[in-house]
Amino acid sequence: MSHASYELKAETRERVGKGSSRELRRNGLIPAVIYGDKKAPISIALSTKEVTQRIHAGGFMTTVATIDVNGEKISVLPKDYQLDPVRDFTMHVDFLRVSADSKVTVQVPVHFVNEEKSPGIKVGGMLNIVRHDVELHCPANDIPEFLTVDLDGLKIGDSIHISHIKLPKGTSPVIADRDFTVATIVGTAAAKEEEAEGEATAE
């Protein structure tokens, strides 16, 4: 389910600071940092175009990438990035070093399917999404691209909790102390009346 891994070429940055960042951006590069795994952080420069393409392609924060830094290949997971609010290009990226057995914490988006098979929505109820994404502990090499919630058969008043969602093996929610709600089917007054009438005639 996860996006295919990809590789980015990078060079190390000797100079860091505002002036050098501006100079990099003029040359079509962005500053980035690789940290974690109990090693010293490495300051690198990456192609702005390549990184921005990856962000727009989706799944950026949930896909492990390989960064080739002067010939050394490092497995990383993007942890944070900044976009220029005006011109929508990437300003900076933080990458976390990962190995095959690393556990990482990621926000995984939730997708809802079979809306048309939900009796609650059919009678005019609405899907009220409480969490658009769920924070999970996952193996770095097996991060789900998204979680799927099946709305088939759900009526007004039904709630979907995290326990209803099939999580991939080795994956667990960060909130472990309660079965939290991901979404509910809520009704309008008219929909509730219709449903009640429907139930009366169904008896």
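Predicted model: local features only at pLDDT ≥ 70, side-chain atom pairs only at ≥ 80, totals over all residues.
**Entry 1: Arg178 and its partner**

I started at Arg178, which is partly exposed at a relative accessible area of 48% (buried is under 20%, exposed over 50%, partly exposed in between, with a 1.4 Å probe and protein chains only). Its side chain meets that of Asp177 in a salt bridge, 3.8 Å from N to O. The rule I used: a side-chain nitrogen of Lys or Arg within 4 Å of a carboxyl oxygen of Asp or Glu. Asp177 is exposed, with a relative accessible area of 68%.

**Entry 2: ground rules**

Residues are numbered from 1 along each chain as its sequence is written, and side-chain values use heavy atoms, with hydrogens and water left out.

**Entry 3: the other salt bridges**

How many salt bridges does the rule give? I get five. I looked up Asp37 with Lys39, where the closest N and O atoms are 3.7 Å apart. Asp37 is partly exposed, at 42% relative accessible area.

Then I went to Lys9 and Asp68, whose side chains form a salt bridge at 3.0 Å, N to O. Lys9 sits in strand E1 (residues 7–12) and Asp68 in strand E4 (residues 65–69), so the pair ties together parts 59 residues apart in sequence. Helices (H or I, at least four residues) and strands (E, at least two) are DSSP runs, numbered from the N terminus. Lys9 is exposed at 58% relative accessible area, whereas Asp68 is buried at 8%. I also found both in a salt-bridge network with Glu7 and Lys73.

**Entry 4: a negative patch**

Which residues gather in a patch of negative charge on the surface? I found Glu115, Glu116, Asp150 and Asp152 there. Patch members have over 30% relative accessible area and no salt bridge, and like charges are joined within 9 Å; Asp and Glu count as negative, placed at CG of Asp or CD of Glu. I checked Glu116: it lies in the loop between strand E7 (103–113) and helix H3 (119–122), and at 53% relative accessibility it counts as exposed.

**Entry 5: whole chain**

I counted four helices and 13 strands in the chain. Buried residues make up 38% of the 203 residues. For contacts (heavy atoms within 4.5 Å) between residues at least 6 apart in sequence, 65% join residues at least 24 apart. The chain exposes about 11,600 Å², with carbon and sulfur atoms supplying 51% of it; areas are Shrake-Rupley with a 1.4 Å probe.

Notes: Patch = residues over 30% accessible without salt bridge, like charges linked within 9 Å, V, L, I, M, F, W, Y side chains within 5 Å.
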